[in-house]
Protein chains: 2
Amino acid sequence: MQPRSLETRLQLMEAALRLFSQRGYQATSVAEICSAAGASKGAFYHHFPTKQAIFLALMEAWLADLDRSFQQAYQDSADIPTALLQMSRIAGQVFRAADVNLAILLEFWVQAQRDPELWQAAIAPYHRYQQYFAGLIRSGIQGGAFRSVHPDTAARLLVATALGLLMQGLFDPQGADWPAEIESSVRLLVEGFACPAA
Amino acid sequence: MQPRSLETRLQLMEAALRLFSQRGYQATSVAEICSAAGASKGAFYHHFPTKQAIFLALMEAWLADLDRSFQQAYQDSADIPTALLQMSRIAGQVFRAADVNLAILLEFWVQAQRDPELWQAAIAPYHRYQQYFAGLIRSGIQGGAFRSVHPDTAARLLVATALGLLMQGLFDPQGADWPAEIESSVRLLVEGFACPAA
DNA sequence: TGTAAAATACCGACTGGTCGGTATGATTCT
DNA sequence: AGAATCATACCGACCAGTCGGTATTTTACA
């Protein structure tokens, strides 16, 4: 892969990300992406076999990024509750990142509802995160930090809180300080899980 | 409005609802809606000026329905906490209603992101519900049922919980008993808000 | 009450345009 | 030279919305 090629590919992905989140997946044409990226249709179809492929590539890149952030948060934290708090902050940052608007996440999910390949790419990671959080909580219980809540239920509630607040922030960006709201809500939950003795 | 006309209109809306939630808004063509409804394109454009108009009509009908349910729940409940619990059950029913799949709500929101008219129809009700719940909680505080939590924050958390669990249920329908999950989570929150003395 | 006029409801072919994807040739790098 | 990369013209399918015209119901009037 030549440097020029990589550059073109990157431009295409950046343009696609911007346009998809601004206008939506269906409403964005391949021609628009090309023109925004300063490339041609030939270049596009050299790098991506279909329009959906670039969508998938964007999503995988985003998920890989999130994975890295969570991994980092875990390593930087002394204990499980701290790690969960740190991760709630990351969720807030997801929202703050103006480029990767949450709107495109809705697009991902809407598209994934219909397409098996996208479903795999979108839903499998969700399961992974779900089980990851449940595992963290289970560790917290075994380590004595949490009382014996049901790990799966607790994980679902944690995810629901963050997700629900993110969604509300999407509808009403100015309605509240959503990242702060996420952080304080997750803290509330984590304290609720905490072992009174600790 | 003649009975036959009303019937046709209803058929069109039912077909549109089904197709929109199965295939998505953009992916559903007006021709498909017509054929599924056993009507013609002429009939469609006799009843609705644009494709978006039927979408809007569906959403308004759905919201009116939800309003009625909430109103009913409020009237049937002896006190505020009971009313909130009852409403969480309604949220669960929203999910259980197979016809009105949650997917179409995602569609609504995705579309509303881009269109001012839809935004008005989708986001204004959100604000209304938000303030409605905040009002209920405020009443609960004044009535001595709740301790002095911040009504707006509490309402946001309640909505986030229900919304977040609904979204997860959308991705992973078999992953849990989501309606039950919503109910028990909301009960947890409401108990958390409750006045210890009560 | 019977009937003609008017309004409403509906039909389906057609249009102007869009879009994902392809074919083929040009350019750039090694 | 030869492979990788990119450009341009183009194709076939699709689609929202239009339009001229038809069927059905309501209304007006003799």
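**View 1. Val30(A) meets the backbone of DNA strand C.** A polar backbone atom of Val30(A) lies 2.8 Å from a phosphate oxygen of DNA strand C. On a base of DNA strand C, an oxygen is 2.3 Å from a polar side-chain atom of Lys41(A). From chain B, His46(B) places a polar side-chain atom 3.1 Å from a phosphate oxygen of DNA strand C. Such pairs are polar contacts (N or O atoms within 3.5 Å; within protein, one atom must be able to donate a hydrogen and the other to accept it, and residues adjacent in sequence count only if both atoms are side-chain atoms). This is a predicted model, in which local features need pLDDT of at least 70 and side-chain atom pairs count only at pLDDT 80 or more, while totals for chains, interfaces and linings use all residues. Residues are numbered from 1 along each chain as its sequence is written, chains are lettered from A and ligands numbered from 1 in the order in which they are written, and side-chain values use heavy atoms, with hydrogens and water left out.

**View 2. Residues from both chains surround DNA strand C.** There are 21 residues around DNA strand C, and Val30(A), Lys41(A), Lys51(A), Thr8(B) and His47(B) are the closest. Of the atoms of DNA strand C that come within 4 Å of the protein, 63% belong to sugar and phosphate. A residue counts as near a strand if one of its heavy atoms lies within 4 Å of it. α3(B) gives the most to this surface, with 5 residues. The surface near DNA strand C has 5 nonpolar, 11 polar and 5 charged residues. In this grouping Ala, Val, Leu, Ile, Met, Phe, Trp, Tyr, Cys and Pro are nonpolar, Asp, Glu, Lys and Arg are charged, and the others, Gly among them, are polar.

**View 3. DNA strand D also has residues of chain A and chain B around it.** The residues around DNA strand D number 21, and Thr8(A), Ser40(A), His47(A), Val30(B) and Lys41(B) come nearest. Sugar and phosphate make up 69% of the atoms of DNA strand D that come within 4 Å of the protein. An N or O atom in the side chain of His47(A) is 2.7 Å from a phosphate oxygen of DNA strand D. Val30(B) brings a polar backbone atom to 2.9 Å from a phosphate oxygen of DNA strand D. Lys41(B) reaches a base oxygen of DNA strand D, with a polar side-chain atom 2.5 Å away. α1 (3-23) and α3 (41-47) of chain A, together with α3 (41-47) of chain B, each supply at least two residues of the surface near DNA strand D. The largest share, 5 residues, comes from α3(A). By class, the surface near DNA strand D has 5 nonpolar, 11 polar and 5 charged residues.

**View 4. Chain A holds two assigned domains.** Chain A has 9 helices and 0 strands; these elements are DSSP runs numbered from the N terminus (helices: H or I, at least four residues; strands: E, at least two). Taken along the principal axes, the C-alpha atoms of chain A fill a box of roughly 65 × 40 × 30 Å. Domain 1 spans 1-48 and domain 2 spans 55-193, with bounds from an automatic or database domain assignment. The centres of the two domains, taken over C-alpha atoms, are 28 Å apart. In contact (heavy atoms within 4.5 Å) are 9 residues of domain 1 and 10 residues of domain 2. The two domains of chain A bury about 850 Å² between them, 78% of it on carbon and sulfur atoms. Leu17(A), Ser21(A) and Tyr25(A) supply 56% of the area that domain 1 buries against domain 2, more than any other three residues. Buried area is the accessible area (1.4 Å probe) that two parts lose on being put together, summed over both.

**View 5. Chain A and chain B form an interface.** Here 39 residues of chain A are in contact with 39 residues of chain B. The two chains bury about 3,200 Å² between them, 63% of it on carbon and sulfur atoms. In chain A, the residues that lose the most area to chain B are Arg114(A), Arg156(A) and Phe171(A), together 21% of what that side buries.

**View 6. A rotation relates chain A and chain B.** Chain A superposes on chain B by a rotation of 180° with 0.0 Å of shift along its axis (RMSD 0.1 Å). The two copies are therefore related as by a two-fold rotation axis. Gly164(A) has the C-alpha nearest the axis in chain A, 2.1 Å from it. Both copies use the same surface, as 100% of the contact residues of chain A recur in chain B. The superposition is by least squares on the C-alpha atoms of residues with pLDDT of at least 70 in both copies.
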